[in-house]
Amino acid sequence: MNTPAPPRRRIGCLPILLAGLLAPLVGVLVHSVVPPPITILMVTRLFEGEGLHVRWRSLNRISPELVDAVIAAEDARFCEHNGFDLEAIQQAMEDNAEGGRIRGGSTISQQTAKNVFLWPGRSWIRKGLEAGYTALIETFWTKRRIVEVYLNVAEMGPGVYGAEAASRHWFGKSASELTRAEAARLAAILPNPREYRAADPGPYVRRRARAIQGNMAVIRNEGLSDCAA
């Protein structure tokens with residue numbers, strides 16, 4: 001007589017759900033101390049035929065002028081919010097509804113979450129994941145760590161990522177040696193670093209860099225970058 005086979009054990013949905021929830025948390029905890037490896041955006045650009053120039057530098061080896069510049073240009077309330085700037089989001093929605101230049105309300109924290117953990121694009125799925133990762137890094141990373149990671153993975157030229165690679169690409173010097181004007185120019189090209197140039201810039205980048213330089217003084221004088229100091 002044949003012995004009946006033992007019943008197969010079914011893997012329930014709970015372990016899969018737990019793994020899906022724990023994976024982002026583990027990634028965030030690891031990168032709170034370990035530099036992120038190559039990102040999805042970097043791989044995408046490689047397949048598009050661009051190079052890969054990236055050099056990790058601790059925040060202590062990046063000019064404070066660049067910290068002030070990116071906060072002035074991208075997220076003036078960075079030290080005050082918890083990852084989401086509701087005022088900036090509302091203003092962006094109003095500007096876009098009026099038919100002007102399309103702009104986003106993403107904070108430095110949101111951009112860091114997207115750059116490190118996600119892919120480029122504007123789908124609702126990606127935006128939802130971005131919000132979740134933003135909440136995690138704001139919980140488990142310091143503001144200083146968020147700025148440090150952002151300045152090491154942000155796209156700052158064709159195939160150029162991070163402050164050190166960008167400084168050498170555009171100005172032939174280390175990120176620790178950037179002047180205020182050079183830092184402002186790097187921050188000025190962030191909206192479209194594949195089109196704009198930090199060295200020998202066009203009229204738009206020059207105007208934007210001058211405005212950023214003026215705002216940098218406010219950022220410094222009012223302590224709006226102290227959380228990254």
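Helices here are DSSP runs of H or I with at least four residues, and strands are E runs of at least two, numbered from the N terminus. This is a predicted model, where local features need pLDDT of at least 70, side-chain atom pairs count only at pLDDT 80 or more, and totals for chains, interfaces and linings use all residues. Residues are numbered from 1 along each chain as its sequence is written, and side-chain values use heavy atoms, without hydrogens or water.

Let's start with a pocket. On a 1 Å grid over the protein atoms alone, a pocket is an open set of points with protein on both sides within 12 Å along at least five of seven lines; lining residues have an atom within 4 Å of a point. Which helix gives the largest share of the lining of the second largest pocket? Helix α3, residues 64–74, with three residues. Asp-68 and Arg-220 are among the lining residues.

Now, salt bridges. The rule is a side-chain nitrogen of Lys or Arg within 4 Å of a carboxyl oxygen of Asp or Glu. The count comes to 15. Arg-220 and Asp-68 form one of them, at 2.3 Å from N to O. Arg-220 sits in helix α10 and Asp-68 in helix α3, so this pair ties together parts 152 residues apart in sequence.

Buried or exposed? Buried means under 20% relative accessible area, exposed over 50%, partly exposed in between, with a 1.4 Å probe and protein chains only. Asp-68 is buried, at 2%. Arg-220 is partly exposed, at 37%.

One more pair: Glu-48 and Arg-194, with closest N and O atoms 3.3 Å apart. They are 146 residues apart in the chain.

Methods: 1 Å grid on protein atoms, 1.4 Å probe; cavity = no way out; pocket = protein on both sides within 12 Å on 5 of 7 lines; lining within 4 Å.
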